Amino acid sequence: SSPLDPRYTFENFVEGASNRLALAAARQVADGSASGVKFNPLYIHSSVGQGKTHLLQALTHRLKAEHPEMRVLYLTAEHFMYRFVQSLQTQSALAFKEALRTIDLLVIDDMQFLHGKQIQQEFCHTVNTLIDGARQVIVAADRPPVELETMDERVRSRLSGGLLIEIGAPDAATRRSIIERRIALTAQHMPGFSVPDDVIDFIVRNVTTSGRDLEGAVTRLAGHNQLTGLTLSLTMAETTLKDLIRVTDTRRVKIEDIQRVVSKHYNVSKQDLLSSRRTRSIVWPRQIAMYLAKSLTLRSLPEIGRRFGGRDHTTVLHAVRKVEEMIGSDEALTQEIEVLKRMLEA
Ligand code: ADP
Ligand code: MG
């Protein structure tokens, strides 16, 4: 299986409104109390750094410790592919397939990286066999199944058929707990390390993206503290954490939201936006929407083209370039796009 981080335990996981459901589901699976029917497959998705890997590994640790008789396999999608390809080369593909189908719990992390038709089909067989045998399958990914654009349709619909849980961005109380836990953990290695209340408040207010960024903020302050020997101040935190604060989590903006906001703003229907109509009053908003999709999401040009009525990636590229050009020369447009971006990132 893939390597596990011993620090990713339930004890070290901070519960909050944004992750409560995912945590409860993971706990129930770890207790063995989840009914195979209710939870199968369990699919957890979120933008990066919200604790998916942490939760998946926490339940794996717990089961390995408390139910050593259970065969639990934790694999990243990349490891799954690697193992599959390796087994084909050594002509032990059958053995790998058999091994996969006799486990009690299959945990697949970063599902969005499972590429290749043959591998996806093999994955599908495995999941079907496990679920038919009332064994648990848990999957994590950075987006819901419908948005796994390069995934085999059967895999997508299989994954959509179980329990889907999204982990959102942490609220202020959760952010504070994550920071405080991190400070306490850091202090175990750095005796005397502490962070003044005004600095903690500053982080809570400004680093709003993810657990990972909150941890990063504390780690950075600790590093600074260790190097300079200076007590932490608000001014220092403001400079040291500048880039974490500017980060907006691009993965949270959805193409549907862009299409909704743009069609409302320019008063064209979403249907027209996706249509092949070439009227200027439609073409321009469409190009802006494609530009926004490219700059606010991590979707590729072909993916964006598909989501805009099955257009070619060169059409998307053309739109992106055109809008970029116009932004350079048109102050009003620049502001208009800023407003749209702010609406989408709010
Ligand atoms: P993901 O897999 O969703 O990208 P990770 O599980 O890798 O996120 O989490 C990133 C980092 O943030 C890890 O070090 C993890 O321990 C920490 N983290 C995220 N959310 C929480 C949380 N609710 N409680 C404690 N740590 C968290
Ligand atoms: Mg992860």
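Is Asp-132 buried or exposed? Asp-132 is exposed, since its relative accessible area of 64% is over the 50% cut-off. Keep in mind that this is a predicted model; a search of the whole structure turns up 20 salt bridges, and the views below pick out some of them.

**View 1. Arg-158 pairs up with Asp-132.** The two side chains form a salt bridge, with N to O at 3.7 Å. This one links distant parts of the chain: Arg-158 belongs to helix 6 (residues 153-160) and Asp-132 to helix 5 (residues 117-132), 26 residues apart. Arg-158 has 25% relative accessibility, so it counts as partly exposed.

**View 2. Glu-215 meets Arg-182.** Here the N to O distance in the salt bridge is 3.4 Å. Glu-215 is partly exposed at 32% relative accessibility.

**View 3. Arg-220 bridges to Asp-243.** Their side chains make a salt bridge at 2.7 Å, N to O. Arg-220 sits in helix 9 and Asp-243 in helix 11 (residues 242-246), so the bridge ties together parts 23 residues apart in sequence. Both ends are partly exposed: Arg-220 has a relative accessible area of 30%, and Asp-243 has 41%.

**View 4. A salt-bridge network.** Which residues are linked in this network of salt bridges? They are Lys-97, Arg-101 and Glu-122.

Note on methods: Residues numbered from 1 in each chain as written. Chains lettered and ligands numbered in written order. Predicted model: local features only at pLDDT ≥ 70, side-chain atom pairs only at ≥ 80, totals over all residues. Heavy atoms only, no water. Salt bridge = Lys/Arg side-chain N within 4 Å of Asp/Glu carboxyl O. Helix = DSSP H or I, 4+ residues; strand = E, 2+ residues; numbered from the N terminus. Buried < 20%, exposed > 50% of the residue type's maximum accessible area, 1.4 Å probe, protein only.
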